[in-house]
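Subject: A structure for you to look at

Hi there,

I am passing on a structure that I hope you will enjoy exploring. Please open it first, and then read my notes alongside it.

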Amino acid sequence: MDNKKPLSLVIFGITSNLAQKYSLHALYDMQQKGILPENIQIIGNARRPLNKEEFADFVQDSLNSRNVHHPHSIDNQVLEQLINKIDYLQGNFDDPNFYLMLKQLIKNPNIIFYLATLPDLYRNIFENLKLTGLDSSLRGWVRIMVEKPFGIDLKSAKELNKLLLNYFKEEQIFRLDHYLGKETLQNILTFRFGNNIFEPLINHKYIDHIQITAAEDYGVGMRGSYYDQVGALKDVGQNHQLQMLAFATMEAPEQFTNEAITAQRLKILTALKPLKDKIVFGQYQGYQSEPNVNPNSQTETFYAYKTFIDNNKFKDIPIYVRAGKMLKQLATEVSIVFKNPVKNLFVSHNLGFEPNILIYRIKPNEGIVLKIVTKKPGHKVELEPEYMQFCYKLDHHSHYIPDPYEKLLIDTISGDQTFFNSAEEVEAQWAFIDSLISQKPQIELYEQGSWGPKAAIELIEADGRTWLEPSMDFCKV
Ligand SMILES: NC(=O)c1ccc[n+]([C@@H]2O[C@H](COP(=O)([O-])OP(=O)(O)OC[C@H]3O[C@@H](n4cnc5c(N)ncnc54)[C@H](OP(=O)(O)O)[C@@H]3O)[C@@H](O)[C@H]2O)c1
């Protein structure tokens with residue numbers, strides 16, 4: 001495919017929360033680093049009327065004030081260069097005339113349509129792109145980026161896949177879950193399959209169990225109207241966490257290609273066992289009084305469940321997954337907890353049984369660490385747990401770590417779908433989630449700043465195990 005030809009990037013919903021928080025920051029970074037393709041034309045679309053000056057102010061405000069996820073100061077010269085590359089086209093996505101104006105404005109043979117807008121509008125957008133002939137390009141290629149969540153259940157995801165495939169070919173469709181653009185997640189593959197010493201241990205012979213945590217120490221904020229419709233499980237459980245699990249447990253792909261890697265992720269996603277009586281839902285106290293939340297809301301802000309992967313490698317290894325808001329600590333990680341040796345030479349010493357744990361930490365203090373037992377320096381044989389660590393923050397090479405949105409935009413430009421979801425993957429994820437909650441669990445209230453409801457603790461303690469307290473002792477600056 002020809003990726004050298006000039007590119008038009010069309011962002012439907014340039015004024016969205018998503019664009020303000022992520023997309024505009026990614027574009028700014030790319031402009032600053034000189035990796036925004038030469039001759040790129042960016043067209044931002046939304047409903048609100050904005051003249052050139054108002055749009056420039058909007059971009060500047062977004063970059064300056066909405067950068068909690070991406071804190072850095074804004075250089076005015078870079079900002080101006082970026083703004084000069086963006087045309088704002090106001091219009092209603094329901095209006096066929098809008099697409100005629102868009103067609104006139106697009107001047108390049110290669111085109112990316114980025115849907116940073118509401119899924120209800122997709123059908124109209126696809127239909128109108130087709131009617132105006134913008135769904136394909138005779139002189140180049142057309143690609144479409146679709147954000148997560150992809151549908152709201154299996155049925156709607158299937159319908160959306162069908163709808164997309166009515167208008168575009170699979171190789172044109174980039175289903176985006178920004179977790180797949182994270183360095184830490186991608187590095188799991190290198191860690192596991194680029195080194196020879198860890199992978200032989202990743203199986204039921206050595207692993208006791210796996211824990212996956214996505215904990216936030218803050219609440220729903222101003223996103224109440226969206227979140228209250230969706231809930232924690234569909235917001236992060238159907239996508240980010242299942243992908244974390246897939247990266248940590250998939251078999252080695254035969255080659256480092258999109259087809260081979262996606263096929264291995266899919267094998268894990270289709271092998272997950274939904275255990276309907278091993279799921280707990282919670283809601284933090286005070287959630288119902290948050291802005292734009294239904295005062296009688298029964299939406300979960302926390303979930304915990306147990307599952308298994310139905311294959312030989314992970315036979316009978318329990319996997320415990322939890323995520324929630326207003327919890328004790330901010331931490332997103334996968335922990336592989338190893339079995340203790342039957343004969344432990346040091347079991348009578350002060351630590352007793354202390355398992356080795358391999359931790360893929362996505363945030364904060366990103367890195368890959370191995371919890372080990374060491375001898376405390378001194379005259380006695382005393383043991384203490386320590387971490388062997390690979391940490392991004394302590395990187396002595398001072399590598400540049402791209403933001404996931406930047407990484408995924410670059411991948412889309414080069415036509416690489418490796419770190420995007422296939423149609424089968426999103427459907428497998430929904431199939432698992434749908435059956436997990438075919439009988440909706442009762443909501444239990446939990447205290448803000450806790451680790452969720454009591455039932456979540458009982459879920460794991462019933463198996464003689466406990467949730468790990470995410471450690472902040474490694475990868476600190
Ligand atoms: N926000 C996040 O953190 C986040 C994270 C991951 C994925 N996502 C996904 O990103 C997408 C956008 O979500 P969001 O919450 O950021 O949306 P949002 O803030 O509600 O923004 C919607 C955008 O669409 C435009 N729009 C709405 N109706 C329109 C119409 N009829 N014609 C033209 N423009 C119209 C709005 O323009 P006006 O401003 O002019 O009304 C605005 O730019 C969704 O698919 C969501 O699931 C969001």
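Let me start with a pair of strands: β2 (residues 41-46) and β3 run parallel and are joined by five bridges. Ile-43 stands opposite Asp-87 in β3. Helices (H or I, at least four residues) and strands (E, at least two) are DSSP runs, numbered from the N terminus. Two strands pair if DSSP finds at least two bridges between them.

Some background before we go on. This is a predicted model, in which local features need pLDDT of at least 70 and side-chain atom pairs count only at pLDDT 80 or more, while totals for chains, interfaces and linings use all residues. Residues are numbered from 1 along each chain as its sequence is written.

The two sheets

The strands β2 and β3 belong to an open sheet of six strands with parallel pairing, in the order β3-β2-β1-β4-β5-β6. At its edges are β3 (86-90) and β6 (173-176), each of which pairs on one side only. From one strand to the next, the twist averages 20 degrees. (Axes are lines fitted to C-alpha atoms, for helices over the stretch in contact, and angles run from 0 to 180 degrees between N-to-C directions.)

Another open sheet has nine strands and mixed pairing, and its order is β14-β13-β12-β11-β7-β10-β9-β8-β15. Here the edge strands are β14 (383-391) and β15 (443-446), each pairing on one side only. Within this sheet, β8 (residues 272-284) and β9 (residues 302-309) pair in the antiparallel sense over seven bridges. Find Phe-281, and you will see that its bridge partner in β9 is Tyr-303.

Which helices pack on this sheet? One is α9 (residues 240-249), touching β7 (207-215), β9, β10 (319-324), β11 (331-338) and β12 (357-363). Another is α13 (residues 454-461), which touches β8, β9, β10 and β15. Residues count as in contact if their C-beta atoms, placed from the backbone, lie within 7 Å.

Two helices side by side

Helices α6 (residues 154-167) and α12 (residues 423-436) pack at an angle of about 165 degrees, with their axes 8 Å apart. That makes α6 roughly antiparallel to α12 (angles under 35 degrees count as roughly parallel, over 145 as roughly antiparallel, 65 to 115 as roughly perpendicular and the rest as oblique). Leu-154, Ala-157, Lys-158 and Asn-161 in α6 meet several residues of α12, including Val-426 and Trp-430. By class, this contact of α6 with α12 has six nonpolar, one polar and three charged residues. (Ala, Val, Leu, Ile, Met, Phe, Trp, Tyr, Cys and Pro count as nonpolar, Asp, Glu, Lys and Arg as charged, and the others, Gly among them, as polar.)

Around the ligand

How many residues surround the ligand? There are 21, and the closest are Gly-13, Ser-16, Asn-17, Leu-18 and Arg-48. A residue is near a molecule if its C-beta atom, placed from the backbone, lies within 6 Å of it. Helix α1 (residues 17-33) gives the most to this shell, with three residues. The shell has nine nonpolar, six polar and six charged residues.

Backbone details

Most residues other than glycine have a negative phi, and most peptide bonds are trans. The bond from Lys-148 to Pro-149 is cis, with omega near -5 degrees, and Pro-149 lies in the loop between β5 (142-147) and α6. The bond from Lys-363 to Pro-364 is also cis, with omega near -15 degrees. Asp-316 has a positive phi, near 65 degrees, and sits in the loop between β9 and β10.

Happy exploring!

Definitions and conventions. Contact = placed C-beta atoms within 7 Å.
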